[in-house]
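Subject: Handover of a structure

Dear colleague,

Please find below the structure that I am handing over to you.

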Amino acid sequence: MSMDNHPLEETGRSTRNIDPCTVVIFGATGDLTGRKLAPAIYNLGREGLLPANFACVGFARREKTNEQFREELKTNINEHSRTKPIDDSFWKNFENQVFYHRSEFDSDEGYQALAELLKQIDAKHATRGNRVFYLSVQPKFFPIIIEKLAKNGLIYDTHKTTDQWSRVIIEKPFGHNASSAKELQANISKHLDESQIYRIDHYLGKETVQNLLVFRFANAIFESLWNYKHINQVQITVAEDIGIGTRGHFFEEEGLLRDVVQNHMMQLLSLVAMEPPVSLSAGAIRDEKVKVLQSIRPLTEEDFKSNVVRGQYGPGFINGQKTLGYREEKDVDPKSNIETFLALRLFIDNWRWAGVPFYLRGGKRLPKRGTEIAIVFNDAPGVLFKQNGRKNDPNVLAMRIQPDEGIAMKINCKVPGPSSPIQPVKMDFRYGSYFGQSPPEAYERLIWDCITGDSTLFARADEVEQSWKILTPLLDHWEKNPKSEFPNYAAGTWGPAAADEMIAKDNRSWRIL
Ligand code: BG6
């Protein structure tokens, strides 16, 4: 498929060419593989979206046989797939295309053995030497895995090979801050051409996130309103009721900023704020997203004090269930300074967004799961319909990314009857009820895009770099100023009181989700 054909332009998935290939998952016994990758590959297979000649290899450090690995995947699919229970007749055949390979990440022998296994798979399953390497491992292993793959002949030189390809999907976070992201990029680009690198941010694979582009640029009515003249503020919320589960080690390294804000939230912000791209090609869309990030006003010392709030959850209740505080979670330092909540205000200093605050709020162990982008419009002139001197509510366009995917517009309406009070009401579009199905999982889409060679929904190096550029000064500031009052919010609440104070000082308030 040509790189200029954007997936959104196609009439159906079947229009793309799918080469035979093998997907190798590094970190195959990890949490992400069990919860997301295995169900995604299973669902792609079940829906006939994988190439006819396909195989999947799990690469990890634990001892395991093929049979044990297959059984484990089956259990995970049964538990986590969006389609349940597992389709036994499909799985019975499919599992014969699934293999396990045990190795350390830095062992040349292990990679030689992998090369041998892949050769055998090519011979048996006609996978023709095409490979996707999915790095679902701790970020510190990215460089060594890529180096070893290259050294052991598993990455093709794009200048020499034309009929076989190798692509590498790299999980986020890409780097730990601006300098380490640069270093990582420099390291991996010794072995990989940019066209072989797929930096995954699974938010971009969500249907509702892709719909942001369609919503903005396939509808004429919004564009003239989409700017500082009509928009008072934008709020982006990524709320989760879950804690960190079994990912204590990971979270202690990353924290919420690196885990969610630097990638998922900045992607949402870019898509909402970007200019119309010149075409729907991967390059054109990503060019516009980068421009947004380049226009974000750098955070100052004053912002660190007044326009950024970090939090960490203490014990509390979620849905009536008692839950642990972050510091009591498994593999977490009892004195940890890691943030599990972040609220911040950003400005985009370009013509379209001059003076419009973008409020970002994300956190673990909040009262409920909900990702939403809310565009809050300016007040209507308060000349006619004042109620007891009170202004009417502003119009709000709320794009619900998940759950209950949809788009709602809040408008003011006359309540029936002679006394005519005005009440805000909602026009609500819901994906589920309109299309009669819930959207496929983001990972399905992204794995499929990588197999078909489309990088539109993956992050480009300069996007990642820009995003780090904005947030690294904040990380540096935190490092110098550890928070002494952690934990500062109870699990099951909407974060520290300071987050409400932060927005209240601008005469605004967080939306209630
Ligand atoms: C992941 C983060 O990238 O996104 C997790 O590492 C987070 O901490 C998850 O829970 C949220 O994804 P989703 O699709 O459930 O919103």
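**Helix 13**

Helix 13, which spans residues 442-451, is mostly covered, as 10 of its 10 residues are buried. Please note before reading further that this is a predicted model. The buried residues of helix 13 are Ala442, Tyr443, Glu444, Arg445, Leu446, Ile447, Trp448, Asp449, Cys450 and Ile451. Just after helix 13 comes Gly453, which takes a positive phi of about 80°.

Cys21 is in no disulfide, and the nearest cysteine sulfur belongs to Cys450, 8.4 Å away. With a relative accessibility of 0%, Cys21 counts as buried. Cys413, by contrast, is partly exposed, at a relative accessible area of 34%.

**The ligand and its surroundings**

Which residues surround the ligand? They are Lys172, His202, Tyr203, Lys206, Glu240, Arg247, Asp259, His264, Lys364, Arg369 and Gln402. By type, this shell divides into 1 nonpolar, 3 polar and 7 charged residues.

An N or O atom in the side chain of Lys206 is 2.5 Å from an oxygen atom of the ligand. For the side chain of Asp259, the corresponding distance from an N or O atom to a ligand oxygen is 2.5 Å. For an N or O atom in the side chain of Lys364, the distance to a ligand oxygen is 2.7 Å. The ligand exposes 400 Å² when taken alone, and the protein buries 86% of that.

**Cis peptide bonds**

A cis peptide bond joins Lys172 to Pro173, with omega at about -5°. Pro173 is found in the loop between strand 5 (166-170) and helix 6. Another cis peptide bond joins Gln402 and Pro403, and here omega is about -20°. Pro403 is placed in the loop between strand 15 (396-402) and strand 16 (406-414).

Asp331 is a residue other than glycine with a positive phi, near 65°. Asp331 lies in the loop between strand 11 and strand 12, and it is partly exposed, with a relative accessible area of 32%. Arg365 is not a glycine either, yet it has a positive phi of about 55°. The loop that holds Arg365 runs between strand 13 (357-363) and strand 14 (370-377). Is Arg365 buried or exposed? Arg365 is buried, because its relative accessible area is 17% and the cut-off for a buried residue is under 20%.

**Aromatic pairs**

How many aromatic pairs does the structure hold? There are 27 aromatic pairs. One of them is formed by Phe59 and Phe105, which are stacked, with 5.9 Å from centre to centre and 20° between the planes. This pair links distant parts of the chain, 46 residues apart: Phe59 is in strand 2 (residues 54-60), while Phe105 is in the loop between strand 3 (98-102) and helix 4 (108-125). Phe59 counts as buried at 0% relative accessibility, and Phe105 is buried with a relative accessible area of 5%.

Phe251 and Tyr326 make an edge-to-face pair, because their ring centres are 6.0 Å apart and their planes stand at 65°. Phe251 lies in helix 9 (residues 248-273) and Tyr326 in the loop between strand 11 (321-323) and strand 12 (341-347), so the pair ties together parts that are 75 residues apart in sequence. Phe251 counts as buried at 0% relative accessibility. Tyr326 counts as buried as well, at 0% relative accessibility.

Phe59 and Phe105 also belong to one aromatic cluster, together with Phe26, Tyr111, Phe133 and Phe141.

**Lys190**

Lys190 is placed in the loop between helix 6 (178-188) and strand 6 (197-199). With 62% relative accessibility, Lys190 counts as exposed. Its side chain makes a polar contact with the side chain of Asn187, at 3.2 Å. Lys190 and Ala504 are 314 residues apart along the chain, and their C-alpha atoms are separated by 49 Å.

Yours sincerely

How values were computed: Residues are numbered from 1 along each chain as its sequence is written. This is a predicted model: local features need pLDDT of at least 70, side-chain atom pairs count only at pLDDT 80 or more; totals for chains, interfaces and linings use all residues. Side-chain values use heavy atoms; hydrogens and water are left out. A residue is near a molecule or strand if one of its heavy atoms lies within 4 Å of it. A polar contact is a pair of N or O atoms within 3.5 Å; within protein, one must be able to donate a hydrogen and the other to accept it, and residues adjacent in sequence count only if both atoms are side-chain atoms. Accessible areas come from the Shrake-Rupley method with a 1.4 Å probe; for residues, only the protein chains shown count as cover. Ala, Val, Leu, Ile, Met, Phe, Trp, Tyr, Cys and Pro count as nonpolar, Asp, Glu, Lys and Arg as charged, and the others, Gly among them, as polar. A disulfide is a pair of cysteine sulfur atoms within 2.5 Å. Buried means under 20% relative accessible area, exposed over 50%, partly exposed in between (1.4 Å probe, protein chains only). Rings of Phe, Tyr and Trp (its six-membered ring) pair if their centres lie within 6.5 Å; planes under 30 degrees apart count as stacked, over 60 as edge-to-face and the rest as tilted. Helices (H or I, at least four residues) and strands (E, at least two) are DSSP runs, numbered from the N terminus.
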